[in-house]
Amino acid sequence: MRVLLLAEEANPEWFSVPLEGWSHGQAIARRVDAHVVTQVRNRDAFVRAGVAADAFTAIDTEHIERPLWRLGSLLRGGQGKGWTTLMALKAISYRSFESQVWRRFGAAIRAREFDVVHRLTPLSPTVPSRLATWCKRAGVPFVLGPLNGGVPWPQGFDGARRREREWLSYVRGAYKLLPGYRSTRRDAAALVIGSRDTWQQMPARWRDRCVYIPENGVDPARFPLADEPPPRAPGPLRIAFLGRLVPYKGCDMLLAAAAPLVAGGRATIDVIGDGPERDALGKQAASLGIAAGVAFAGWVPHGEVAARLQRADVFGFPSVREFGGAVVLEAMALGVVPVVLDYGGPGELVTPRTGFALPMGRRDEIVAAFRSVLERLAAAPEALAPLRAAGRARVRRDFTWDAKAAQIERVYAWVTGRAAKPDFGMPLPD
């Protein structure tokens, strides 16, 4: 299978979407004859990772990217905030990226030198793709996705929404008015849908070309599935939080929920990550009288995250607006039991056999629900063992990047007429 794989965001040295684009793209390239097209900012990282020069093309759109990034930095309201604003600007810069891709590869696509063209990143369903129409005219199937984004802000968290500077999220639906919104969905041969919320956003008339594959995966090289986690050491319940310290991640709710256990010496909390809420969280821990039982690790290098997270018994993650939730899979891969909210991506990854997905509610309800689970686990830590084993088995079976690449290969077989449409399960009943 000859695939032109568009991964504008793909970088093994970064995190979030660029790391996902890299990991997913390289897993796909191990299964098919893929040529990866990325943005020039990723070129040196590709070379350092040992990717052959003829296996990828770096497209230079810096003449547009740089001024748009500067504009976005001014509009977003602070580092790590205003992501909806950045994605709105991405629709402009990505249009330039695709135009250059077509100039470079259009003749080869028309000559059927590729069986499939696949846009792997960006993930946002708000970013249209003119290549869907150009490829359809050329008779080459265009695959889009995984698409993920647009998890609604839950009621009662408008304060967090404002602190995140998510002003554009109030009018996010306006992306459906963008040029290319309808033609992208109309002309794509397959739409890979990465979450329940994105599935709900997809109009029924395009569902026949949709395939549900949860967005995230795990790299066993970073989170080793082959090694059994060490047996649990006796002592207090060890709780970890991993993520950016921003309002919607909910670390403040985890501290409040675990406070009685920590104050009583029955639990400890390891906060791994950094962000604008760091000082406020430190003050909260002090005001709750639990500062001695809460460790703030700050930013931890990628290569050291797994070893630190693996010390924990429980991964506490009350994020109220998480699109994918890769960190939940990483915890499960290490044998750390997740306690999350059944909202957005984490609720699709955690089952009753592998952890706890608690109902969304008001802040006080979330704190009470987390406290109840943590108290039960502190009282009966032997309940962790079967959850740890089931979580690792679930990740090994369904959520390595190689497993997800095998699913994508079946999508390619479908759009090229070599196999029936695959069904990996549906996020919602039709």
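# A tour by selection

Proline 122 sits in the loop that runs between strand E4 (116–121) and helix H5 (131–138). Select it together with threonine 121: the peptide bond joining the two is cis, with omega about 5 degrees. The model is a predicted one.

Next, go to proline 146, which is in strand E5 (residues 142–147). The bond to select is the one between glycine 145 and proline 146, a cis peptide bond with an omega of about 20 degrees. As background, most peptide bonds are trans, and most residues other than glycine have a negative phi.

Serine 16 is placed in helix H1. Its phi is near 60 degrees, a positive value in a residue other than glycine. Serine 16 is exposed, because its relative accessible area is 51% and the cut-off for exposed is over 50%. Arginine 112 is in the loop between helix H4 (83–110) and E4. Arginine 112 is not a glycine either, yet has a positive phi of about 60 degrees. With a relative accessibility of 46%, arginine 112 counts as partly exposed.

Now select arginine 30, in the loop between helix H1 (16–29) and strand E2 (33–39). Arginine 30 is exposed, at 56% relative accessible area. What does the side chain of arginine 30 join through a polar contact? The partner is the side chain of aspartate 402, and the contact is 2.8 Å.

Turn to the aromatic rings. The structure holds 8 aromatic pairs. One of them is formed by phenylalanine 105 and phenylalanine 114, edge-to-face, at 6.3 Å centre to centre and 70 degrees between the planes. Both phenylalanine 105 and phenylalanine 114 are buried. Another pair to select is tyrosine 181 with tryptophan 206, also edge-to-face: the centres are 6.1 Å apart and the planes make 80 degrees. This pair links distant parts of the chain, 25 residues apart, with tyrosine 181 in helix H7 (residues 181–187) and tryptophan 206 in the loop between helix H8 (196–201) and strand E7 (210–212). Tyrosine 181 and tryptophan 206 are buried. Then show Trp22, Phe46 and Phe56, which ring pairs link into a cluster.

The largest cavity has a volume of about 50 Å³. To outline the largest cavity, select its lining: Asn148, Gly194, Ser195, Pro214, Glu215, Asn216, Phe323, Gly324, Gly345, Glu348 and Leu349. That lining divides into 3 nonpolar, 6 polar and 2 charged residues.

Finish at helix H15, residues 384–398. From its first C-alpha to its last, this helix of 15 residues reaches 21 Å, close to the 21 Å expected at 1.5 Å a residue. Which residues of H15 are buried? Colour Leu384, Leu387, Arg388, Ala390, Gly391, Arg392, Arg394 and Val395, which are buried. When viewing this set, keep in mind that an α-helix has 3.6 residues a turn, so residues three or four places apart point the same way.

Note on methods
Residues numbered from 1 in each chain as written. Heavy atoms only, no water. Helix = DSSP H or I, 4+ residues; strand = E, 2+ residues; numbered from the N terminus. Expected span 1.5 Å × (residues − 1). Buried < 20%, exposed > 50% of the residue type's maximum accessible area, 1.4 Å probe, protein only. 1 Å grid on protein atoms, 1.4 Å probe; cavity = no way out; pocket = protein on both sides within 12 Å on 5 of 7 lines; lining within 4 Å. Points joined across faces, edges and corners; volume = space filled by probe spheres on them. Nonpolar A, V, L, I, M, F, W, Y, C, P; charged D, E, K, R; others polar. Polar contact = N/O pair within 3.5 Å; in protein donor to acceptor, adjacent residues only side chain to side chain. Phe/Tyr/Trp six-rings, centres within 6.5 Å; stacked < 30°, edge-to-face > 60°.
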